[in-house]
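User: Please take me through the architecture of this protein chain by question and answer.
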Amino acid sequence: MEKRVALLLTGGGARAAYQVGVLKAIVEFLPRHAHNPFPIICGTSAGALNAAALAANAQNFRKGVQFLANTWKGFHVHHIYRTDVIGVFNNTMLWLAGLLFSAIGINKLNRVSLLDNSPLVDLLENMVPYEKIQENIDAGLLHALSITASGYGSGQSVTFFQGVKNLQPWRRTGRVGIPEQIEIKHLLASAALPFVFPAVHVHREYFGDGSMRQTAPISPALHLGATRVLIIGVTANGYDDHVTRSEISDYPSLARIAGHALNSIFLDSIEVDLERVKKINELVAVMPDDMRERTNLRHVDVLVISPSQRIEKIAERFISEMPWTIRLLLRLIGAKRHSGGTLISYLLSERKFIRALINLGYQDALKRRDEIMAFLDVEPRQDAEPPK
């Protein structure tokens with residue numbers, strides 16, 4: 001079987017800036033004129049935006065990563081959602097009215113959400129040259145791109161994929177893969193944070209954030225032919241978090257509950273899937289060759305790069321950078337400096353926070369240079385910066 005490395009970019013709103021830092025380091029590790037090292041690129045939620053941009057720039061991986069870095073570094077929250085007084089007030093009133101009408105059985109308001117993300121639509125229209133994706137596939141520079149969203153009607157995790165002609169759709173319990181030409185609507189659907197951003201209509205169904213109901217996030221990469229999967233996560237793992245008894249006993253605010261829910265959506269499924277892959281690898285190692293062929297099981301190498309620091313703690317340092325209208329709105333639902341950092345970390349698309357995340361991703365990847373290069377099976381540049 002041909003060896004193919006897949007890049008899996010998970011969700012997490014503004015946290016996806018961390019992925020850009022990791023990719024920036026990988027670019028520096030690779031030879032100057034190296035081809036795209038990830039023939040399969042899979043994106044979910046905000047990671048879908050990064051994935052599509054990389055796929056559209058597959059002819060020049062270095063250029064694609066630099067484009068992402070420049071785009072993220074120039075972000076303000078008003079590039080993602082409306083922050084003006086009228087926009088915030090009108091959308092908040094629509095949201096509250098939508099909740100009221102739903103409670104009495106009337107459902108006539110569409111696109112009701114906490115924030116109005118219409119600026120994101122304009123951004124994505126200019127950010128990704130979608131026609132380049134198929135051009136890169138035809139040129140042999142890209143094997144496949146996938147974007148995952150969650151269907152509110154069917155309850156299924158739907159992976160839209162665009163790739164070479166021999167790729168087949170798939171159907172498993174609670175998840176399906178559908179061949180589709182990737183467009184802006186798929187990115188908006190995949191990145192539609194529940195309650196925060198409006199659902200997006202694709203074909204006959206409304207879709208929300210792809211991390212919801214995504215019980216097997218590594219699965220799309222495997223269905224598309226990956227033999228190795230590099231995962232860039234956006235949530236720090238393995239830290240020992242000590243909290244005071246007062247924080248435990250205080251009743252959680254809406255912001256704390258929302259942040260906890262988002263963390264569960266973006267973290268739990270990938271951890272479970274990694275454990276599943278580990279168990280399958282252990283099983284494959286002891287299976288006879290003929291049984292391995294009959295069951296169609298194979299060993300899959302997985303490497304995870306995730307933040308070495310808690311991103312919500314970083315976000316707490318930059319809360320004042322958010323527009324006052326958004327700070328007021330978040331304060332109304334209980335998001336304070338030390339209790340709303342998790343929710344804010346998904347929404348804080350401001351330059352200082354973004355650049356801090358990019359730098360964190362860059363430094364984390366530098367420390368694992370040899371491990372990353374061995375995984376990619378590529379000789380690093382001799383003049384690349386050594387790990388610190």
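Analyst: The expected span of a helix is 1.5 Å times one less than its number of residues. The model discussed here is predicted.

User: Which residues of H15 are buried?
Analyst: The criterion for burial is a relative accessible area under 20%. By that criterion, the buried residues of H15 are Phe353, Ile354, Ala356, Leu357, Ile358, Leu360, Gly361, Tyr362, Asp364, Ala365 and Leu366.

User: How far does H1 reach from its first C-alpha to its last?
Analyst: H1 has 13 residues, for which 18 Å is expected at 1.5 Å a residue. The reach in the model is close to that value, at 19 Å.

User: How many of the 13 residues of H1 are buried?
Analyst: The buried set includes Ala17, Tyr18 and Gln19 as well as Ala25, Ile26 and Val27. H1 is largely enclosed by the rest of the structure, because the number of its residues that are buried is eleven.

User: At what angle do the axes of H1 and H3 cross?
Analyst: Two packed helices are described by the angle between their axes and the distance between the axes. For H1 (residues 17-29) and H3 (residues 61-73), the axes come within 9 Å. The crossing is left-handed, and its angle is roughly 145°.

User: Which class of aromatic pair do Phe160 and Phe207 form?
Analyst: The structure holds four aromatic pairs. In one of them, Phe160 and Phe207 lie 5.6 Å apart centre to centre, with 70° between the planes. Planes over 60 degrees apart meet the criterion, so the pair of Phe160 and Phe207 is edge-to-face.

User: Where in the chain are Phe160 and Phe207, and are they buried or exposed?
Analyst: Phe160 is in strand E4 (residues 157-163) and Phe207 in strand E8 (residues 205-208), so the pair links parts of the chain that are 47 residues apart. Both Phe160 and Phe207 are buried.

User: Is Ser45 buried or exposed?
Analyst: Most residues other than glycine have a negative phi. Ser45, in the loop between strand E2 (40-44) and helix H2 (46-56), has a positive phi of about 60° although it is not a glycine. Its relative accessible area is 1%, so Ser45 is buried.

User: What is the relative accessible area of His203?
Analyst: His203 is found in the loop between strand E7 (200-202) and E8, and has a positive phi of about 60° although it is not a glycine. His203 is partly exposed, with a relative accessible area of 48%.

User: How far apart in space are Tyr81 and Ser349?
Analyst: Tyr81 is found in the loop between H3 and helix H4 (85-103), and is buried with a relative accessible area of 1%. Tyr81 and Ser349 are 268 residues apart in sequence, and their C-alpha to C-alpha distance is 9.7 Å.

User: What share of the 388 residues in the protein chain is buried?
Analyst: The secondary structure comes to 16 helices and ten strands. Among contacts with a separation of 6 or more, residues 24 or more positions apart account for 76%. The buried share of the residues is 53%.

Note on methods:
Residues are numbered from 1 along each chain as its sequence is written. This is a predicted model: local features need pLDDT of at least 70, side-chain atom pairs count only at pLDDT 80 or more; totals for chains, interfaces and linings use all residues. Side-chain values use heavy atoms; hydrogens and water are left out. Axes are lines fitted to C-alpha atoms, for helices over the stretch in contact, and angles run from 0 to 180 degrees between N-to-C directions. Helices (H or I, at least four residues) and strands (E, at least two) are DSSP runs, numbered from the N terminus. A crossing is left-handed if the near helix is turned anticlockwise from the far one by less than a right angle, and right-handed if clockwise. Buried means under 20% relative accessible area, exposed over 50%, partly exposed in between (1.4 Å probe, protein chains only). Rings of Phe, Tyr and Trp (its six-membered ring) pair if their centres lie within 6.5 Å; planes under 30 degrees apart count as stacked, over 60 as edge-to-face and the rest as tilted. Contact means heavy atoms within 4.5 Å.
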